[in-house]
Amino acid sequence: MALALTAREKKLLLACVGSLVLVGGMLAANEFLNRRRTALERITTLQSELDELQVLFDDREFWNKRGKWLRETMPTTESLGQAQAKLLEDVQNDALDLELKVEQQRLLEPASNENYREVAVEVRLRGDQTTLLGWLASLQSPERFQAIKAIEFDIDTKAKEKTPQAICEMTLARWYKPESGL
């Protein structure tokens, strides 16, 4: 036989049930807000990605034209070792022609990926500042598929020549078609 609840017990029971409903509602609201925040972050990420892809899509004609130019004009090489030796020889010949002194030279490890194969050399040159700067400006060009990857240029304060002298340490890279082609 069940006893009837007193008014005070009914109020306590109602307070307990109310507390459980309130805590359950807070937990549900917290879960909802976490999922909403995650969804909004995902939407923001996807919107950024869509904007980037839209820019690429709008520029597709330009990039298709550039890709065609790369396929047609990027040089090929059978041996990265020979290509690297040729790059170093070109640097040495240019330096000799311009009366620049090659103080150090080092071949760097060739690199490859699906878009290009790269050979690079690291050289330290000393010579007339104006000549050296002019030569450095002529090194990078899309047609030659080479670029200066790193450079350190300093004025040679110990030089005894009348014209300003400079010291340049640089890493010069040249790119070739990948083995599979473009």
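I first looked up the pairing and found that Glu122 stands opposite Thr171 in S5. The model is predicted, and local features need pLDDT of at least 70, side-chain atom pairs count only at pLDDT 80 or more, while totals for chains, interfaces and linings use all residues. Residues are numbered from 1 along each chain as its sequence is written, and side-chain values use heavy atoms, with hydrogens and water left out.

I then listed the partners of S5. Strand S3 (residues 117–128) runs antiparallel to S5, joined by 12 bridges. Strand S4 (residues 146–155) is also antiparallel to S5, over nine bridges, and Ile155 has Ala166 in S5 as its bridge partner. Strands are DSSP runs of E with at least two residues, helices runs of H or I with at least four, both numbered from the N terminus; two strands pair if DSSP finds at least two bridges between them.

I checked burial next. In S5 (residues 165–176), 10 of the 12 residues are buried, so the strand is largely enclosed by the rest of the structure. Buried means under 20% relative accessible area, exposed over 50%, and partly exposed in between (1.4 Å probe, protein chains only).

I turned to Val123, which is found in strand S3. Val123 counts as buried at 3% relative accessibility. Its contacts (heavy atoms within 4.5 Å) include Cys168, Glu169 and Met170, not counting residues up to four places away in sequence. I also noted that 71 Å separates the C-alpha atoms of Val123 and Val23.

Last, I looked up Leu5, which lies in the segment before helix H1 (7–58). Leu5 is partly exposed, with a relative accessible area of 43%.
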